[in-house]
Structures are given as structure tokens and as C-alpha cells.
Amino acid sequence: MELPLFPLNAHLLPGGIMPMRIFEPRYQRLVSLASARGFVLCMLDPQAQQAVRNMLPIGTRVEIVDFDLLGDGLLGITVRGVERVRLGEVRQEADGLRWGEVAALPPWPSVSVSVSPAFIPLVEKLREVFDDYPEYGALYREPHWEDGCWVAQRWLEMLPLSPHQKQWLLGEESCAPALALLERLVQSG
């Protein structure tokens with residue numbers, strides 16, 4: 001399936017929610033085209049030389065769940081991550097909007113937090129983040145605290161890991177490597 005691409009320095013994973021400010025005409029057009037199937041948020045590759053293909057291979061198909069005209073006159077949208085996708089061929093249109101062939105990756109199986117007591121500190125720390133940053137916590141009306149994969153995905157969105165580290169974790173078949181890394185980080189912190 002071919003979808004429009006939106007490259008960013010940040011990454012959003014399935015179940016994640018992100019507000020965005022849209023100001024470039026090509027991305028305003030992307031929003032108008034994305035109503036049916038969404039678009040793909042791709043993480044920029046800091047090592048890429050080629051301008052058209054400066055994105056890492058795993059992105060997230062997102063859907064627009066809300067939009068608003070912001071006080072500064074820009075379009076504000078809120079997107080929700082739907083599924084991880086692998087990026088194939090990329091083409092660029094005259095206005096700079098890029099399109100990519102994408103293939104859906106299987107979703108990570110849910111992991112009950114009750115399976116391992118080691119997951120509990122991850123949940124507790126994430127709850128603290130939601131409390132300390134209420135504007136972020138408010139994005140998640142129904143947090144899935146019981147699902148270790150959901151918790152791991154929120155941490156992966158926030159942690160200052162390198163883009164290539166995140167790509168490695170996103171390419172895994174389950175959230176187990178991400179949870180193992182997060183457990184080590186929480187224990188050492």
C-alpha cells in the first residue's frame with residue numbers, strides 16, 4: 001500500500017498519541033489526503049545522505065483523531081499510532097511530499113504486567129510522568145497500565161535513545177527486548 005510520509009525527529013508507536021502543528025503546504029495537503037487510510041510517521045535518519053530517502057525503514061501508520069485551528073492560525077492535528085510498518089520504495093512529488101510503499105508489521109503481542117513484578121516499576125514511573133506532565137497524561141484517556149507492551153511503547157517514544165537503537169527495538173517481533181532494556185534502565189536509575 002502506498003501512503004504519504006511525514007518525517008520527524010520523534011517517533012510514535014501503536015497506541016501512542018501526538019499533537020502536531022502543520023504549517024508547510026505539502027503537509028497541509030497530506031492531511032487532506034490522509035482521511036481514508038492515514039499516513040506514516042517516519043523517523044529521520046541522521047546518517048542518511050540522500051534527501052528523498054533520509055528516513056529509517058520502520059515507521060508507524062497513524063490516523064488523525066482530532067484537528068483544530070490553532071491561535072497562531074496554523075492547523076493543529078492529533079494523531080494516534082495504528083500499526084508499525086516497513087518502508088519500501090519512496091517517491092517525491094513536485095511540492096516535496098513523499099510517498100512510500102509500506103507493509104504492515106505484525107503487532108506486538110500484549111504482555112500482562114502481572115506476569116512479572118519487574119514491570120511494576122516501569123508502570124509506576126510512567127504514571128509519575130503522566131502526573132508530572134498533565135498535558136501529556138491528558139492525551140491518554142484510557143491508559144493501558146496492565147499491558148507491558150503499551151507501557152514499553154510509551155517509554156520508547158520518550159526516552160532519548162538513538163534513532164538506530166529505537167529502530168532495532170521496533171524491528172523486533174515482540175516487546176521483550178524493549179522491556180528488558182527498560183528494566184535495566186529503571187534498576188540503574
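Select Val-90 first: its bridge partner in strand E6 is Gly-100. Strands here are DSSP runs of E with at least two residues, and helices are runs of H or I with at least four, numbered from the N terminus. This is a predicted model, where local features need pLDDT of at least 70, side-chain atom pairs count only at pLDDT 80 or more, and totals for chains, interfaces and linings use all residues. Residues are numbered from 1 along each chain as its sequence is written, and side-chain values use heavy atoms, with hydrogens and water left out.

**The strands**

Now show E5, residues 75-92. E5 and E6 pair in the antiparallel sense over six bridges; pairing takes at least two bridges found by DSSP. Five residues separate the strands of this hairpin. Click on Gly-96 there: its phi is positive, near 95°.

Pick Pro-4 and look across to Trp-99 in E6, which stands opposite.

**The cysteines**

Go to Cys-149 and Cys-175. A disulfide joins them, S to S 2.1 Å. The rule is a pair of cysteine sulfur atoms within 2.5 Å, and the count by it is one disulfide. Cys-149 sits in helix H4 (148-158) and Cys-175 in the loop between H5 (163-170) and H6 (176-188), so the link ties together parts 26 residues apart in sequence. Look along the S-S bond: the angle about it is -70°, and the link is left-handed.

Both Cys-149 and Cys-175 are buried. Buried means under 20% relative accessible area, exposed over 50%, partly exposed in between (1.4 Å probe, protein chains only).

Last stop: Cys-42. Cys-42 is buried, at a relative accessible area of 1%.
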